[in-house]
Amino acid sequence: MTHDAPSDLPSGYRLAPLTADDKRAVLDLDLWAFPDSRSVDDLEAHPLPLTWDRTVGVVAEHDDAAAVPADGAVPRASDLVAMHSSYPFAAFPVPGATLPVGGLTWVGVHPQHRRRGLLTAMIREHLRRCRDAGEPLSALFAAEAAIYGRFGYGLAAYDLRLTVPRRAALRDVPGAERHTVRVEHATRERHGDLVADLHERAGRTAGGATADGTPVNRPGWVTRETPELVETFWDDAPAFRDGRESLRIVVVELDGEPRGYARFRRSLTWEDAGPRGTVRTGEVVALDAAAARALWGVLVDLDLSHEVVPFVLPVDDVVTHLLVDQRSATPRIADNQWVRVVDVAGALAGRRYPSPVDVVLHVSDELLPENAGHWRLRADAFGPATCERTDDPAELSLDVRELGAAYLGGISLTALAAAGLVTEHAPGALTRAAVAFGWPVSPGSSWTF
Ligand SMILES: CC(=O)SCCNC(=O)CCNC(=O)[C@H](O)C(C)(C)COP(=O)(O)OP(=O)(O)OC[C@H]1O[C@@H](n2cnc3c(N)ncnc32)[C@H](O)[C@@H]1OP(=O)(O)O
């Protein structure tokens, strides 16, 4: 660990770039931030998903650290007290396009050093790095929902959690019966390319295509772009199974071509009434309704099970319409990705809009004042967009947090205005902008990062 130049951290702390040599210190800090029964020794042999040259620590300088009220604090093996990292998503799906996005992750502060402004300083550092890297957006999954709004991240996507009872009735889809099914041990060697290909295609074509054949994508459907993310995705070590079986996969095929998959692990207990098994799946991905029907048909009827618990699903996932009785699957909603607009012009010009729009927005941004001011957004339906500074009067005012919330097309500007978070200055501007900022497919990622 070498020390970087001082930043806007509180006194007594410094930023420090982290490398693979810091793995034990990183794991130790991570276990302080996210309590877990596993130890550094248990985890050290396993790959980490981090991109090291985007991984930054905060170290306590010892003199100042000694001045910190100890309060029974445990002596630390390392001076690493906080860290964050980000994934370089080069092709993050936004409505109708992809953009480079910094996926903020592995944010942690040792409990002894919390609430002194370390996260605040790390976020500033992260946003500066996103700007330098030409990333007009940052996205994240929040450990706690109250953390990131203050830094201009808006809740941009929800996801759906279901517990589907065994033999849940599904509506018929013509052609589903033509699929064949493979149920296998899941390995990267055998299934890595298949999963990556189907996952990317399912996101890119989720909404079909426009009249000129342009695919309508699912915003936020981020792919595992780095080798480290792929490696950890396929790491099936017993330490990560939580008592369940090794990784399995169902693949549905049509005429020998894979059309959908679900990775899963089962667990089983024997009770007086008989076997009680749970099938936990990762993402359930299919290219069309018939493949989805074939896949869910397998998942809801695995022997000795009584329920299927998919991980996260888009809120408009096809299964919500295939289930005859949605209530029986006890749907719950959770927050998926939070989005921070780092560069207003780059972000707004970089997505597509489903209706023509010409609107002047007044954006406020306390943390990145270069984003603040009046911006004119112009776009044709599903065509190119421009976003430029203007002196023209604002038609809508909103904070960058609300702009991030609306950006992926899943949160309506009208709903934000109803909550008092967007202000309309010109009659009709809100409706026009709200329609344009929407998108035919709900946003969301199928995995958390
Ligand atoms: C993208 C991801 O990686 S999500 C993972 C986030 N990490 C975790 O949840 C692990 C456990 N928690 C932690 O490591 C830390 O408590 C963190 C990272 C959440 C916060 O770090 P800190 O250094 O304490 O934050 P910092 O001192 O900069 O706080 C800034 C502001 O956020 C507030 N804040 C910090 N954490 C929280 C929280 N969990 N809930 C609500 N408010 C919070 C602080 O009160 C402070 O508010 P103020 O400006 O009004 O005084």
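Here is a short chat about a predicted model, working from values to the words used for them.

Visitor: Where does A262 lie, and what is it in contact with?
Guide: A262 lies in strand 11, residues 257–271. If you skip its neighbours within four places in sequence, A262 is in contact with V250, T281, V284, L295 and L299. To be in contact, two residues need C-beta atoms within 7 Å.

Visitor: What about R14, and why is R14 called partly exposed?
Guide: R14, found in strand 1, has 17 other C-beta atoms within 10 Å. Buried takes 20 or more and exposed takes 12 or fewer. The count for R14 falls in between, so R14 is partly exposed.

Visitor: What makes strand 3 and strand 4 a pair?
Guide: Pairing needs at least two bridges. Strand 3, residues 80–94, is joined to strand 4 by 10 bridges, so the two pair, and they run antiparallel. In one spot, V94 stands opposite A97 in strand 4.

Visitor: Which strands form the open sheet, and in what order?
Guide: Seven strands form it, in the order 1-2-3-4-5-16-6, with mixed pairing.

Visitor: Why are strand 1 and strand 6 called edge strands?
Guide: Strand 1 (13–17) and strand 6 (154–155) each pair on one side only, and that is what makes them the edge strands. Helix 4 packs on the sheet, touching strands 1, 2, 3, 4 and 5. The direction of helix 4 makes about 155° with that of strand 4.

Visitor: Which part of the chain supplies the largest share of the shell around the ligand?
Guide: That's strand 4, with six residues. Strand 4 (97–109) and helix 4 (118–132) each supply at least two residues of that shell. Of the 22 residues around the ligand, V107, R114, L119, T120 and A143 come nearest.

Visitor: How do the shell residues divide into nonpolar, polar and charged?
Guide: There are 13 nonpolar, four polar and five charged residues in the shell around the ligand.

Definitions and conventions: Residues are numbered from 1 along each chain as its sequence is written. This is a predicted model: local features need pLDDT of at least 70, side-chain atom pairs count only at pLDDT 80 or more; totals for chains, interfaces and linings use all residues. A residue is near a molecule or strand if its C-beta atom, placed from the backbone, lies within 6 Å of it. Helices (H or I, at least four residues) and strands (E, at least two) are DSSP runs, numbered from the N terminus. Ala, Val, Leu, Ile, Met, Phe, Trp, Tyr, Cys and Pro count as nonpolar, Asp, Glu, Lys and Arg as charged, and the others, Gly among them, as polar. Axes are lines fitted to C-alpha atoms, for helices over the stretch in contact, and angles run from 0 to 180 degrees between N-to-C directions.
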